[in-house]
Amino acid sequence: MTVMTAAAIEEFLDEVFPHRQGTIEGVDEMRATMSLAIEDEHLRPGACVSGPTLMGLADVCLYVAILAQIGPEPMAVTTDLNCHFLRRARGDRDLIANARVLKLGRRLAVGEVQLFSAGDEAPVALVTATYALPEMD
(Lines give C-alpha, C1' and ligand atoms only; values in the text may rest on other atoms or scores of the structure.)
Protein backbone atom coordinates (compact mmCIF):
# COMPACT_ATOMS: atom_id res chain seq x y z
CA MET A 1 0.00 0.00 0.00
CA THR A 2 1.38 3.40 -0.93
CA VAL A 3 1.54 5.97 1.86
CA MET A 4 2.47 8.98 -0.31
CA THR A 5 1.02 10.26 -3.57
CA ALA A 6 3.14 11.50 -6.46
CA ALA A 7 2.14 15.09 -5.61
CA ALA A 8 3.13 14.67 -1.95
CA ILE A 9 6.49 13.17 -2.96
CA GLU A 10 7.15 16.05 -5.42
CA GLU A 11 6.45 18.53 -2.62
CA PHE A 12 8.72 16.65 -0.20
CA LEU A 13 11.53 16.44 -2.77
CA ASP A 14 11.22 20.15 -3.51
CA GLU A 15 12.10 20.68 0.16
CA VAL A 16 14.88 18.13 0.72
CA PHE A 17 16.26 17.44 -2.77
CA PRO A 18 15.49 20.51 -4.93
CA HIS A 19 18.34 19.93 -7.42
CA ARG A 20 17.03 16.54 -8.56
CA GLN A 21 16.07 16.06 -12.17
CA GLY A 22 12.94 14.56 -13.61
CA THR A 23 9.18 14.66 -13.13
CA ILE A 24 7.17 12.03 -11.29
CA GLU A 25 4.60 10.59 -13.66
CA GLY A 26 3.06 8.21 -11.14
CA VAL A 27 3.52 5.94 -8.15
CA ASP A 28 1.88 2.64 -7.36
CA GLU A 29 2.44 -0.33 -5.10
CA MET A 30 6.26 -0.81 -5.06
CA ARG A 31 6.60 1.14 -8.34
CA ALA A 32 7.26 4.61 -9.72
CA THR A 33 7.56 6.17 -13.15
CA MET A 34 9.44 9.36 -13.96
CA SER A 35 10.34 11.29 -17.08
CA LEU A 36 13.11 13.70 -17.96
CA ALA A 37 12.95 16.19 -20.82
CA ILE A 38 16.38 15.93 -22.43
CA GLU A 39 18.26 19.21 -22.86
CA ASP A 40 21.74 19.96 -24.22
CA GLU A 41 23.19 19.66 -20.70
CA HIS A 42 22.21 15.95 -20.64
CA LEU A 43 24.02 15.05 -23.84
CA ARG A 44 27.46 13.70 -24.50
CA PRO A 45 29.27 13.88 -27.85
CA GLY A 46 27.30 12.03 -30.51
CA ALA A 47 23.97 13.47 -29.32
CA CYS A 48 23.19 10.62 -26.94
CA VAL A 49 22.16 10.94 -23.30
CA SER A 50 25.07 10.81 -20.86
CA GLY A 51 25.60 8.00 -18.38
CA PRO A 52 25.39 10.31 -15.33
CA THR A 53 22.00 11.53 -16.56
CA LEU A 54 20.71 7.96 -16.90
CA MET A 55 22.04 6.92 -13.49
CA GLY A 56 20.77 10.08 -11.81
CA LEU A 57 17.21 9.65 -13.07
CA ALA A 58 17.25 5.96 -12.12
CA ASP A 59 18.46 6.78 -8.60
CA VAL A 60 15.75 9.37 -8.03
CA CYS A 61 13.03 7.17 -9.54
CA LEU A 62 13.80 4.27 -7.23
CA TYR A 63 13.96 6.68 -4.27
CA VAL A 64 10.47 7.89 -5.26
CA ALA A 65 9.18 4.29 -5.38
CA ILE A 66 10.60 3.69 -1.89
CA LEU A 67 9.16 6.95 -0.49
CA ALA A 68 5.73 5.96 -1.80
CA GLN A 69 5.96 2.90 0.49
CA ILE A 70 7.66 4.28 3.61
CA GLY A 71 6.66 7.95 3.65
CA PRO A 72 8.81 11.09 3.77
CA GLU A 73 12.30 9.99 4.78
CA PRO A 74 15.24 12.16 3.72
CA MET A 75 17.81 9.72 5.11
CA ALA A 76 16.90 6.74 2.93
CA VAL A 77 20.19 6.78 1.04
CA THR A 78 21.73 4.89 -1.86
CA THR A 79 24.35 2.37 -0.73
CA ASP A 80 24.92 0.61 -4.04
CA LEU A 81 24.03 1.34 -7.67
CA ASN A 82 24.91 -0.76 -10.69
CA CYS A 83 24.10 0.37 -14.23
CA HIS A 84 24.09 -1.75 -17.38
CA PHE A 85 24.08 0.44 -20.48
CA LEU A 86 22.22 -1.58 -23.10
CA ARG A 87 21.99 0.77 -26.08
CA ARG A 88 22.28 4.42 -27.04
CA ALA A 89 19.74 6.69 -25.32
CA ARG A 90 18.47 9.09 -27.96
CA GLY A 91 19.15 12.74 -27.30
CA ASP A 92 16.07 13.87 -29.23
CA ARG A 93 13.55 12.11 -26.98
CA ASP A 94 12.52 12.30 -23.34
CA LEU A 95 13.96 9.73 -20.98
CA ILE A 96 11.48 7.47 -19.14
CA ALA A 97 12.33 5.55 -15.94
CA ASN A 98 10.24 2.70 -14.53
CA ALA A 99 11.29 1.66 -11.02
CA ARG A 100 10.25 -1.43 -9.11
CA VAL A 101 11.07 -2.16 -5.48
CA LEU A 102 12.05 -5.83 -5.27
CA LYS A 103 12.55 -6.04 -1.49
CA LEU A 104 11.55 -3.60 1.21
CA GLY A 105 13.03 -4.67 4.52
CA ARG A 106 13.47 -2.93 7.86
CA ARG A 107 16.97 -1.65 7.05
CA LEU A 108 17.45 -2.12 3.30
CA ALA A 109 15.43 -1.66 0.12
CA VAL A 110 16.49 -3.22 -3.17
CA GLY A 111 15.09 -2.35 -6.56
CA GLU A 112 15.58 -2.10 -10.29
CA VAL A 113 14.94 0.59 -12.84
CA GLN A 114 14.49 0.23 -16.58
CA LEU A 115 15.21 3.34 -18.62
CA PHE A 116 13.80 4.02 -22.09
CA SER A 117 13.97 6.66 -24.78
CA ALA A 118 10.34 7.78 -25.11
CA GLY A 119 8.55 5.81 -27.81
CA ASP A 120 11.02 2.91 -27.85
CA GLU A 121 10.10 -0.51 -26.46
CA ALA A 122 13.65 -1.69 -25.77
CA PRO A 123 15.33 -0.33 -22.64
CA VAL A 124 18.49 1.76 -22.95
CA ALA A 125 19.73 0.86 -19.45
CA LEU A 126 19.00 -1.41 -16.51
CA VAL A 127 19.91 -0.18 -13.04
CA THR A 128 19.85 -2.09 -9.78
CA ALA A 129 20.30 -0.31 -6.49
CA THR A 130 20.18 -0.75 -2.73
CA TYR A 131 19.12 1.88 -0.21
CA ALA A 132 19.84 1.97 3.51
CA LEU A 133 16.73 2.85 5.47
CA PRO A 134 16.93 4.60 8.85
CA GLU A 135 15.48 2.87 11.86
CA MET A 136 11.75 3.47 12.00
CA ASP A 137 9.94 4.02 15.28
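Predicted model: local features only at pLDDT ≥ 70, side-chain atom pairs only at ≥ 80, totals over all residues.
Me: In what order do the elements of the chain run from the N terminus on?
Reply: Helices (H or I, at least four residues) and strands (E, at least two) are DSSP runs, numbered from the N terminus. The chain has two helices and eight strands. Their order is α-β-β-β-β-α-β-β-β-β.

Me: What is the radius of gyration of the chain?
Reply: It is taken over C-alpha atoms, and the globule rule is 2.2 Å times the number of residues to the power 0.38. For 137 residues the rule gives 14 Å, and the chain's value is close to that, so the chain is as compact as a globular protein of that length. The radius of gyration is 14 Å.

Me: Which residues form the aromatic pair?
Reply: Rings of Phe, Tyr and Trp (its six-membered ring) pair if their centres lie within 6.5 Å; planes under 30 degrees apart count as stacked, over 60 as edge-to-face and the rest as tilted. A search of the whole structure finds one such pair. With 6.5 Å centre to centre and 10° between the planes, it is stacked, and its members are Tyr63 and Tyr131.

Me: How many residues apart are Tyr63 and Tyr131?
Reply: Tyr63 belongs to helix α2 (residues 51-70) and Tyr131 to strand β8 (residues 125-132). The pair thus links distant parts of the chain, at a spacing of 68 residues.

Me: Is Tyr131 buried or exposed?
Reply: Buried means under 20% relative accessible area, exposed over 50%, partly exposed in between (1.4 Å probe, protein chains only). Because the relative accessible area of Tyr131 is 1%, Tyr131 is buried.

Me: Which residues does Ser50 touch, not counting those up to four places away in sequence?
Reply: Ser50 sits in the loop between β4 (48-49) and α2. Ser50 is buried, at a relative accessible area of 13%. With that sequence exclusion, Ser50 touches His42, Leu43 and Arg44.

Methods. Residues numbered from 1 in each chain as written. Heavy atoms only, no water. Contact = heavy atoms within 4.5 Å.
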